[in-house]
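Student: Please show me the structure. Then let us go through its helices and overall build.

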Amino acid sequence: MNNIIEVKDLVKKYKEVKAIDNLSFEVHEGEILGLLGPNGSGKSTTINCILSLLNFSKGSIKIFGKEMKPDAYDIKAKIGVVFQDVAVFDELTVYENIDYFCGLYIKDKEVRKQYVEDAINLVGLEEFKKFYPKKLSGGLLRRLNIACGISHKPKLIFLDEPTVAVDPQSRNNILDGIKKLRDDGATIVYTTHYMEEVEILCDRVIILDKGKVLATGTTDELKELAKIEEKVTVEVNDIDPKYIEEVKKLKNVDDVIYTNNVLLITYKKGKNNLVDMIDYLKKESINYNKIYSERPTLNDVFLELTGKELRD
């Protein structure tokens, strides 16, 4: 399997603070890699180092098998970057914006025209070619931002939270477009705080914190790292606190949380936990609206690895 990106022993210091701490990982050709982590984990610093937008203290970075440097323009021409903040020209139309960014790399007018049309079709902006950005909704702006970043058909694409603050329809359109880019041969590094997107899109995931890799693997492999085996959720209108304490003592129970009329019971092991809980509720004559069981999610694993405290 070919490696499109190779990061080895990367260190980035801000004075005495290590934002990146001996970080090593690879990105394989043709995959969507989810680069995850809480705020301040080092994701943005890592990406900026890879793109040679930041100098780093130690280590090496190779892209397409070549050492990445600020003046490696042959490498940069094969890279597309879509940052979280929308960066388009207000005085240019949708078509003109995409044509401008594409023109930074593609000089042949006929080829560029086709590439621009391909980008417009990919993100579904066919009806908005003559619109100016100020006339676009938030979702359409995000789609324009993506089209500008990928219009030159790059082999490697960095997408930094491209679906922030968009409606479900726009999000589905963006996710479908990202899959299409991968299917057409692009390698993608994807950052997001939406774990459901990771499960839909990503072939492999790296979880970072404090500039180090905490875990890596497919979403299924990461779920195996969860310390809990099962979660049972019970929706109740009201419950006496004494029953919560009793549930904590039941077989296999790891933790119990009760908030907003929802009882969440996590189990370390066991196969009949849901049945046992239903039997307990019946025995104690506790009325409930709904009860269901589910396996640990990627979000559970993420919180276990990075902690539940708030980040700046």
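Tutor: Helices (H or I, at least four residues) and strands (E, at least two) are DSSP runs, numbered from the N terminus. This is a predicted model: local features need pLDDT of at least 70, side-chain atom pairs count only at pLDDT 80 or more, and totals for chains, interfaces and linings use all residues. Residues are numbered from 1 along each chain as its sequence is written, and side-chain values use heavy atoms, without hydrogens and water.

Student: How many helices and strands are in the chain?

Tutor: Count the DSSP runs as defined. The chain has eleven helices and 14 strands.

Student: What percentage of the 312 residues is buried?

Tutor: Buried means under 20% relative accessible area (1.4 Å probe, protein chains only). Among the 312 residues of the chain, the buried share is 46%.

Student: How are α5 and α6 oriented to each other?

Tutor: Two packed helices are described by the angle between their axes and the distance between the axes. Axes are lines fitted to C-alpha atoms over the stretch in contact, and angles run from 0 to 180 degrees between N-to-C directions. For α5 (residues 138-150) and α6 (residues 168-183), the axes lie 9 Å apart at about 15 degrees. Angles under 35 degrees count as roughly parallel, so α5 and α6 are roughly parallel.

Student: Which residues of α6 make the contact with α5?

Tutor: Contact means heavy atoms within 4.5 Å. From α5 come G139, R142, R143, I146 and I150. Facing them in the contact, α6 supplies S170, N173, I174 and L181.

Notes. Parallel < 35°, antiparallel > 145°, perpendicular 65-115°, else oblique. Buried < 20%, exposed > 50% of the residue type's maximum accessible area, 1.4 Å probe, protein only.
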